[in-house]
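Colleague: I have some questions about the terms used for this protein. Can we look at it together?

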Amino acid sequence: SYLQQFPFDRLKIDRSFIDKMDQDEKSIAIVKTILMLGENLGIEVVAEGIETEQQLETLRSLGCRLGQGYLFSRPVNSLAIEEMLREATINLDNERSRRFAKNSPVIELPEIQ
């Protein structure tokens, strides 16, 4: 009911589902369902807790566009975030920067070619 009552603009897929995607069919079904729900409601979906390249590739193949996790960066303080954003702004010609920089806490997951 919260999805109907509040103006959410982003859903997060809990890391517990991301962590078990490769071993548990139910987890991958839940991930697919959350992605479909977000698409149908026009809400961004962020995968939380991406730690391996395999998880990243699986999420990309499912159409997930945003993610965060240790694969990209450990938690950092606000000064470090400011510096990462400053570097990304300066290096806009760099492919990594156009996707919010590799070390950003939330990144855009590019399409698989």
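Predicted model: local features only at pLDDT ≥ 70, side-chain atom pairs only at ≥ 80, totals over all residues.

Colleague: What makes a residue exposed or buried?

Modeller: Relative accessible area, with a 1.4 Å probe and protein chains only: buried is under 20%, exposed over 50%, partly exposed in between.

Colleague: Why does Leu41 count as partly exposed?

Modeller: Its relative accessibility is 46%, so Leu41 counts as partly exposed. Leu41 lies in helix H3. Helices are DSSP runs (H or I, at least four residues), and strands are E runs of at least two, numbered from the N terminus.

Colleague: Which residues of H4 (53-61) are buried?

Modeller: Gln55, Leu56, Thr58 and Leu59.

Colleague: How do you know that they are on the same side of H4?

Modeller: They cover an arc of only 165° around the axis, so they sit on the same side of H4. The arc is that of the directions from the helix axis to the C-beta atoms. These buried residues pack against helix H2 (15-20), H3 and strand E2 (44-48).

Colleague: Which residues have the most contacts inside the largest nonpolar core?

Modeller: Ile13, Ile18, Val31 and Leu59, in a core of 15 residues. A nonpolar core joins buried Ala, Val, Leu, Ile, Met, Phe, Trp, Tyr and Cys residues through side-chain atoms within 4.5 Å. H3 gives the largest share, 3 residues.

Conventions:
Residues numbered from 1 in each chain as written. Heavy atoms only, no water. Contact = heavy atoms within 4.5 Å.
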